[in-house]
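User: Please take a close look at one residue and its surroundings. Then set it beside other parts of the model, with cut-offs as you go.

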Amino acid sequence: MLAHLPVLVILAPLLGAPVASLLRGPNWPWLLATLLSWFALLCSVLLLIQVNAQGTFIYTMGGWEAPWGIEYRIDFANALLLVLITGLASVVLPYARLSVEHEIGADRCPLFYTALLLLILGLCGITVTGDAFNVFVFLEVSSLATYTLIAMGRDRRALTASFSYLIMGTIGATFYLIGVGFLYVMTGTLNMADLAERLPAISDSSTVRTAFAFIVTGICLKLALFPLHLWLPNAYTYSPSAVTAFLGATATKVAVYVLIRFVFTIFGVEFSFGAEPLAEVLVPLAIIGLLSASTVSIMQPNIKRMLAYSSVAQIGYIVLGLAMGTAMGLTASLLHVFNHGLMKGALFMVMGAVAYRMGGTSIDDMRGLAKTMPLTFWAFVLGGLSLIGVPLTVGFVSKWHLILASLELGWWPVVVAILAGSMLAVVYVGRVVEAGFFGEPKDATKREAPWGLLVPLWVLVIANIWFGIDTRLTVDIAEAAAAQLMAGGVVR
Amino acid sequence: MSGLGVWNYVIIIFLMMIGLYMVMSSSNLVKKLIGLNVFQTSVFFLYISFGYIEGATGPVMQEGASLYSNPLPHVLILTAIVVGVATTAVGLALSVRIKESFGTIEEDELHTMDSSL
């Protein structure tokens, strides 16, 4: 079984999805999806342990060797991502039972869990595969599942949000497809390791440069880098709470992983940062993005929307780290991918609990929450502190590394921008916390959210603190992954 | 290449621009989807053009043939066509539901109904 771990992570949700659609009632599909996600988490953790012990793990699909078959190639970077995706799925699914039944109705539950399993499948697939075209297929599997899930939101604006994401997401994926086509023409291979081997010899050609531009633009659309983020706020605001929690924590992160894979492994640091002006393009966009999105989120009356804009800002930090093109920057970027997944997952789950009891997620619904729903409220406070980057939370760990990485390069203005972004986060989180502490409850009869929502929520909140204090695991893996990626090309 | 020259690529770029322009300029959601389809189809043509070799036969072993076309781009594009069909289906289903709940699929009317879009 250990030899088949990468494919088991994919197979579990792939086979579970059609079964879930055939089951009746809200509970059986939920149970199936939850058990499968726990199984996938187990596989991912075993994989990470194996990668840590034995180095890069290569799985040939169906026993066909690499140039003919598709190979799955697991190193530190994607093992870390896999643990994030399956871990978040394992926490969000137990949470989803009450939240989903409440928000989308019992009759549509089987279809909901089918789509959610397909989303998990797509995201895990993008992460494990070592084939550039296979990434496109899994990208579209996950995107189609995402469009469906967003459209299940209660508000009718969920439909238009989903439609505009469909248009933008398809354009992004097609740009990626064009880029991969150019690479195939130039190298005659789609295997990532082979691409990395053959590209340096022909990196002068304008076809390769065009391919690079198409791929980076396409993926930046998927990861919602400013100014390509326009689909994100509506999609996160109107989709069901459990979907927002899972998407906000994982979907854009997987796109970041694809970008990292292409920039560092396939094209290589010399090409991306030497021959191509990647840093000159991405650093200003990331900084403008993190400052402007943070500023916009201060003015949002809907807290879910505020957190969505904050996600755009956090993507700015992540892209900033990887655009530095140094091992430290990349470490910070990978750390923030993982840590932001934990904090945004927790915060969006808080909003789901608020929506469950109060029926909305506006700042008025949050007023006086410290009195009516203290556990939910304190989860928001801790998640918010993590988002700001207060010491002893995960947010501090990744921002600390990001600042160290910019200091290493002597980029003082960037350090100022990072700190300014944190100050803006203090304002937008503080605004909600103030309303929760000092506001008058809209409806003082409301009680605490049910345990079914609180337990998964607090598991994530505790993870926020745990990985903020005990940074050995995440920092070591992120550093190992960054070293591997910076070494570039093929890890045999 | 000599038979077609670069004309196929000129046509592909032409189709690509038509598709993207339709997606951006038309206000009707179904027309947007049609534009998206044209855009995707141009990329399918691009891949098929890559796989074409002047004077080559299909990639099946046969007497008297020494030059074979590359089958891989065709296989890739079959997959991409399936993906495109699925995307169109989801897009059309969304348009139907938008029509049901808003009563229109014109984007500017949708904007005026829900200002936050």
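Analyst: Beyond its neighbours within four places in sequence, A:E276 is in contact with A:R209, A:F212 and A:F271 (contact: heavy atoms within 4.5 Å). The model is predicted: local features need pLDDT of at least 70 and side-chain atom pairs pLDDT 80 or more, while totals for chains, interfaces and linings use all residues. Residues are numbered from 1 along each chain as its sequence is written, chains are lettered from A and ligands numbered from 1 in written order, and side-chain values use heavy atoms, without hydrogens and water.

A:E276 sits in the loop between α11 (269-275) and α12 (278-298) of chain A. Helices are DSSP runs of H or I, at least four residues, numbered from the N terminus. A:E276 counts as buried because its relative accessibility is 10% (buried: under 20%; exposed: over 50%; partly exposed: in between; 1.4 Å probe, protein chains only).

A:W466 is a contrasting case. It lies in helix α20 (residues 451-469) of chain A. With a relative accessible area of 53%, A:W466 is exposed. Its C-alpha atom is 7.6 Å from that of A:T393, 73 residues apart along the chain.

A:W38 belongs to helix α2 (residues 27-54) of chain A. Its relative accessibility is 44%, so A:W38 counts as partly exposed. Together with A:W28, A:L31 and A:L35, A:W38 makes a nonpolar surface patch of about 450 Å². Such patches join nonpolar side chains within 5 Å, from residues with over 30% relative accessible area and no salt bridge.

Now the partner chain. In chain B, 35 residues contact 31 residues of chain A. The two chains bury about 3,000 Å² between them, 78% of it on carbon and sulfur atoms (accessible area lost on being put together, summed over both, 1.4 Å probe). On the chain B side, B:Y47, B:L94 and B:R97 lose the most area to chain A, together 17% of what that side buries. Four residue pairs are in polar contact between chain B and chain A, both at pLDDT 80 or more. Zero salt bridges are found across this interface (Lys or Arg side-chain nitrogen within 4 Å of an Asp or Glu carboxyl oxygen). In chain B, α1 (7-25), α2 (29-51), α3 (72-102) and α4 (107-113) each supply at least two residues of the side that touches chain A. The largest share, 16 residues, comes from α3(B).

Conventions: Patch = residues over 30% accessible without salt bridge, like charges linked within 9 Å, V, L, I, M, F, W, Y side chains within 5 Å. Areas by Shrake-Rupley, 256 points an atom, 1.4 Å probe, with all protein chains shown as cover. Polar contact = N/O pair within 3.5 Å; in protein donor to acceptor, adjacent residues only side chain to side chain.
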